[in-house]
Amino acid sequence: MTISNLTPIPELYVSPESAQKLKIEAGNLPSWDLTPRQICDLELLMNGGFHPLKGFQSEADYNGVVETMRTADGTLWPIPVTLDVNQAFADKVEPGQDIALRDQEGVILAILSITDKWTPNKANEAEKVFGADDLAHPAVNYLHNVAGPVYLGGPVTGIQQPIHYDFRGRRDTPNELRAYFRKLGWKRIVAFQTRNPLHRAHQELTFRAAKEAQANLLIHPVVGMTKPGDVDHFTRVRCYEAVLDKYPAATTHLSLLNLAMRMGGPREAVWHAIIRKNHGLTHFIVGRDHAGPGKNSQGKDFYDPYAAQELVAKHQDEIGIEMVDFKQMVYVQEKAQYYPVDEVPEGSTVLDISGTELRRRLREGLDIPDWFSFPEVVTQLRRTSPPRDKQGFTVFFTGLSGSGKSTIANALMVKLMEMGGRPVTLLDGDVVRKHLSSELGFSKEHRDINIRRIGYVASEITKNGGIAICAPIAPYTATRRAVREMIEAFGAFVEVHVATSIDECERRDRKGLYKLAREGKIKEFTGISDPYEAPENPELRVETEGSDVDSCAHQVLLKLEQMGLIRA
């Protein structure tokens, strides 16, 4: 079925009367509390953004998507959309059952009629969908370290859409956008996908794209999940609103897309094109390294910069949308204007500021030139990203039991309090165990929960401009990475590996824990019967053998000063 941008797209919601009845019935069903990513997926399933999917993909559809970018019936679909759950929940449900899908406040959003339950080959999914089973890719890390081990598939019956209290006037379903286009008589509309603030190069790119396509422009930024470390969507939307009047009146519309990006490069670009077609768009801008996640673990780009354009071009006729491809835009000093990188006049001086350089300038309070961005955008960014010595941050010590973490952390806390300026909170492993995690044991699962709790508290301290000092053992790489991502959404995360050898830790063992662990009286003891995964690239590695506590704490202070987090 071909759907033009004038025709309503099928939705999965039942009528309000039926929804009320189903909500009562669903109260007696097994319930799954959706993760933020699953809420994004469910919303686009229900409102038609993921048309023609009628629910979370079955095992056959999933296998087809992973291997060939097509569902079992041959429909083009490049990204798996499945409901991952933990093993405990999976053990309680079977195909043929209905389950209630709830948001994080417990509100029932939909009913899933389970047709499939299976344990996927996640390594194969990573390799086929994202091009490599490499944890440097945020979606691969999510797949292995966040997503549940079991997938459920089946059709969804929509009861109500997720509630958004922010920017409500900017959020449009596919059918609301289609109605808007019909009302204004827009027939040709080009979509600009972004997860970053709009700077002058983006404005020039979108101007040119709309002109080339002879189309109106939809700025359609993602406000669901993006790449860890991205500017938060509240700041970005304020930036978009600040520059809307830079566009010709009545030719441009801003609408927010609650999509959970996977940063899947070429496959994701095809996915974005399908989603935009469902929203009534006729043209779609695909730029350089579209939805690229950055560098892999070998320091190379995951995807060729123009691979996304090639894959979308291959499938655009089938999707029913026309790609507008654009090269990177750069500023030519002599001409005082932007050019596509391959059209720069010979001998010209090219000026550009990378995302890394922009973050450095914001962090250090340096000038951001008018040729690069709009003063209104810079003002919004500076509100959210003040100079680093005014931001909150977290110092996260990790090391074996007895390595000296807590002692150095206490010394650092006193030194930072002596300097003044920001509140300092110490989240020591033993103290947190007593006050925050007293019910937890020392299994891997419970240790992970404990570290994530510490990370959550530290992220709140960081968000509110304070300094958090954490000193747990934190033996697992994946958990430390999850905490880093949690905190870096609000400020700097400084990982300090206290690299004391296990022999020295045993020699210092005042509590006799290592002796009991050697005798088998303490199970799952880090360094003896349970592994310690040492950080590969911490911000700082401290050797305590042969160094006194004051010297170690001073090393950390020097690192914080070097990073611009404190001023001497």
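A residue counts as buried when its relative accessible area is under 20%. Keep that cut-off in mind for this predicted model. The topic here is aromatic rings. A pair of such rings is described by the distance of the centres and the angle of the planes. Rings pair if their centres lie within 6.5 Å, and planes over 60 degrees apart make the pair edge-to-face. The count for this model is 17 aromatic pairs.

**Phe50 and Trp77**
- The ring centres of Phe50 and Trp77 are 5.6 Å apart, and the planes stand at 80°, so this pair is edge-to-face.
- Phe50 has a relative accessible area of 0%, so Phe50 is buried.
- Trp77 is buried too, with a relative accessible area of 0%.

**Trp118 and Tyr151**
- Trp118 and Tyr151 have ring centres 5.7 Å apart and planes at 85°, so they also form an edge-to-face pair.
- Trp118 belongs to strand β6 (residues 116-118), while Tyr151 belongs to strand β7 (residues 150-158).
- The two residues are 33 residues apart, and their pair links distant parts of the chain.
- Are Trp118 and Tyr151 buried or exposed? Both are buried.

**A cluster and a charge**
- One aromatic cluster is formed by Tyr331, Tyr338, Trp371 and Phe372.
- Lys444 lies over the face of Tyr476, at 4.3 Å from the ring centre.

Terms used: Residues are numbered from 1 along each chain as its sequence is written. This is a predicted model: local features need pLDDT of at least 70, side-chain atom pairs count only at pLDDT 80 or more; totals for chains, interfaces and linings use all residues. Side-chain values use heavy atoms; hydrogens and water are left out. Rings of Phe, Tyr and Trp (its six-membered ring) pair if their centres lie within 6.5 Å; planes under 30 degrees apart count as stacked, over 60 as edge-to-face and the rest as tilted. Buried means under 20% relative accessible area, exposed over 50%, partly exposed in between (1.4 Å probe, protein chains only). Helices (H or I, at least four residues) and strands (E, at least two) are DSSP runs, numbered from the N terminus. A charge sits over a ring if NZ of Lys or CZ of Arg is within 6 Å of the ring centre and within 35 degrees of the ring normal.
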